[in-house]
Amino acid sequence: MARTPLMAGNWKMNLDHLEANQLIQKLSFTLADAGYDPSQSEAVVIPPFTDIRTVQTAIDADSVPLKYGAQNVSTHDNGAFTGDISTAMLVKLGCSYVVVGHSERREYHGETNEIVGEKAKKVLDAGMVPIMCCGEALDIRKEGTHVDFVLGQISQMLAPLSAQQVAQSVIAYEPIWAIGTGEVATPADAQEVCGAIRRHVAELFDQTTADAVRIQYGGSVKASNVRDIMAQPDVDGALVGGASLKPEEFAKIIMFYA
Ligand code: PGA
């Protein structure tokens, strides 16, 4: 089954709405100049909540071939949850994707695999696609137990989902020691874990589901290393942090196939 590569730029807590508008304009021109073909790779930006409306307007105004999403979402529908944002609010803004369980949310906001699974279900039930993050810290990598650790995360995160929901989802493998550090997992490291995740999905659900789910690698992805990573059979895309804030660099990552 052909899986369209998914290149997603996670802006994290960077860029105000004016800067967001500039980045979208620049990214859009750069992609158009370079002859970007969305059938070869799907391009997504994941701005902070305060930028989403601006990003929507910029993309809609010029029919820019980009999708967008959010970095987090509440497990609740509405009500007394100060500071939270619901799936309905994101749907109304035209969001296609929501990142759930990023390691920074896990570390600074105590998000567990169970919460991540609950959020993913909420996102799917609302008609959007979750990008579910997993990945090990350096101590686990050094112990050599990283594959088992990640598969444990996957089992718990996917528990509330049906096979059909998993098939529509995205899983992002992001070794924590490679995030924002310049330390990139080798293509073989990325393939080892992404391949294990796909086999695990086949065991938990079935082969059709495993063949359909898209698995991204994330952690210091740049224009200079994206091709080798994308050449791995079980890597279907990249979740890009720092390099997605530079439009020329991110355009090259999106167009890794060219
Ligand atoms: P990075 O971040 O590309 O800056 O390492 C990746 C991520 O956290 O999604």
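The largest cavity holds about 50 Å³ of space. This value comes from a predicted model. Across the whole structure, a search finds 1 cavity of 30 Å³ or more.

The lining of the largest cavity draws on several parts of the chain. Gly101, His102, Ser103 and Arg106 contribute to it. So do Cys133, Cys134, Gly135 and Gln153, together with Glu174 and Ile176. Two elements each supply at least two residues of this lining: helix H4 (103–109) and strand S5 (129–134). Sorted by class, the lining of the largest cavity has 5 polar, 3 nonpolar and 2 charged residues.

Around the ligand stand 13 residues, of which Lys12, His102, Glu174, Gly180 and Ser220 come nearest. The shell around the ligand has 7 polar, 4 nonpolar and 2 charged residues. His102 and Glu174 are among the residues nearest the ligand, and His102 and Glu174 also line the largest cavity.

In the side chain of glutamate 174, an N or O atom lies 2.7 Å from an oxygen atom of the ligand. The backbone takes part as well. A polar backbone atom of glycine 180 is 2.6 Å from a ligand oxygen atom. For glycine 241, a polar backbone atom lies 2.8 Å from an oxygen atom of the ligand. On its own, the ligand has 280 Å² of accessible area, and the protein covers 95% of this area.

Terms used. Residues numbered from 1 in each chain as written. Predicted model: local features only at pLDDT ≥ 70, side-chain atom pairs only at ≥ 80, totals over all residues. Heavy atoms only, no water. Near = heavy atom within 4 Å. Polar contact = N/O pair within 3.5 Å; in protein donor to acceptor, adjacent residues only side chain to side chain. Areas by Shrake-Rupley, 256 points an atom, 1.4 Å probe, with all protein chains shown as cover. Nonpolar A, V, L, I, M, F, W, Y, C, P; charged D, E, K, R; others polar. 1 Å grid on protein atoms, 1.4 Å probe; cavity = no way out; pocket = protein on both sides within 12 Å on 5 of 7 lines; lining within 4 Å. Points joined across faces, edges and corners; volume = space filled by probe spheres on them. Helix = DSSP H or I, 4+ residues; strand = E, 2+ residues; numbered from the N terminus.
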